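Please walk through this structure from its open space to its strands and its aromatic rings.

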Amino acid sequence: KPGEHNGKKYDSKRHYVTLTLNIDPAAANSSRTATLPDIPRPVTSFGGAIIGDDLYVYGGHEGEAHKYYAEGQSKSLWRLNLSGKPRWKELSKGPALQGLAMVAHDGKLYRIGGFTAKNSQGEDHDLWSMPTVECFHPETGKWTSMPDLPEPRSSFDAAIDDEGKIYVIGGWQMSGDADRVWHKTAHVLDLSRENPMWQPLPEP
């Protein structure tokens, strides 16, 4: 929201979170740092997950900070094998997305939501949150569709538990020129069910 503070005008209000972890000093001192190859293209706001020794990264923003446009959004799924001699490999292409989430379960990747920019570079933002959920099978290299989120959602949190339940919490719903909506909702998708469907959770 635009506003004014102490006589100074500003055009937006943002909130930031810092995560602090309490690490056992003995464990920290015994850890080893590995040198890994840089990701092929600088990127932020991407989805990432690990299956076994493989790190996967999908989508993200490759352009200037806070300036979003179709040409600056990645459409690639990359894999970095963390064993042996690590190297990045592009596995597939898909929709241009950033602010998405990705989780892994039972050897598969699940790509959730995110937003796509319909504007070109230099044009006014035309940003649209997406409801789509897709599953990637590393063995076949193919994506399959999963049930859509109950509403479009981007820049949210997602997690999966050992039983195969995917949880999504918060996030934006952007629809072009329409007012942005911040979701106060959370949903769960149980992958163990024969026909999984998103179910609402109590409002956080």
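**Pocket, strands and rings**

The largest pocket holds about 1,600 Å³ of space. A pocket is an open set of points on a 1 Å grid over the protein atoms alone, where a 1.4 Å probe fits, with protein on both sides within 12 Å along at least five of seven lines; lining residues have an atom within 4 Å of a point. Of the 32 lining residues, Lys 13, Arg 14, His 15, Trp 172 and Arg 180 are the closest to the pocket's centre. The lining divides into 12 nonpolar, 13 polar and seven charged residues.

This is a predicted model, in which local features need pLDDT of at least 70 and side-chain atom pairs count only at pLDDT 80 or more, while totals for chains, interfaces and linings use all residues. Residues are numbered from 1 along each chain as its sequence is written, and side-chain values use heavy atoms, without hydrogens and water.

Next come the strands, which are DSSP runs of E with at least two residues, numbered from the N terminus; two of them pair if DSSP finds at least two bridges between them. Four strands form an open sheet in the order S7-S8-S11-S12, with antiparallel pairing. Strand S7 (101-105) and strand S12 (142-146) are its edge strands, each pairing on one side only. Within this sheet, strand S8 (residues 108-112) and strand S11 (residues 133-137) pair over four bridges, and Ile 112 has Val 133 in S11 as its bridge partner.

Strand S5 (residues 76-81) and strand S6 (residues 88-93) run antiparallel and are joined by five bridges. Ser 76 has Lys 93 in S6 as its bridge partner. The hairpin of S5 and S6 has six residues between the strands, and Gly 84 there takes a positive phi near 65°.

Aromatic rings of Phe, Tyr and Trp (its six-membered ring) pair if their centres lie within 6.5 Å; planes under 30 degrees apart count as stacked, over 60 as edge-to-face and the rest as tilted. The count comes to four aromatic pairs. The ring centres of Tyr 68 and Phe 115 are 5.6 Å apart and the planes stand at 70°, so this pair is edge-to-face. Tyr 68 lies in the loop between strand S4 (54-58) and S5, and Phe 115 in strand S9 (residues 115-117), 47 residues apart.

Trp 172 and Trp 182 also form an edge-to-face pair, because their ring centres are 5.1 Å apart and their planes are at 75°. Trp 172 lies in strand S15 (residues 172-173) and Trp 182 in strand S16 (residues 181-182). Tyr 58, Phe 136 and Trp 143 form one aromatic cluster.

Methods: Points joined across faces, edges and corners; volume = space filled by probe spheres on them. Nonpolar A, V, L, I, M, F, W, Y, C, P; charged D, E, K, R; others polar.
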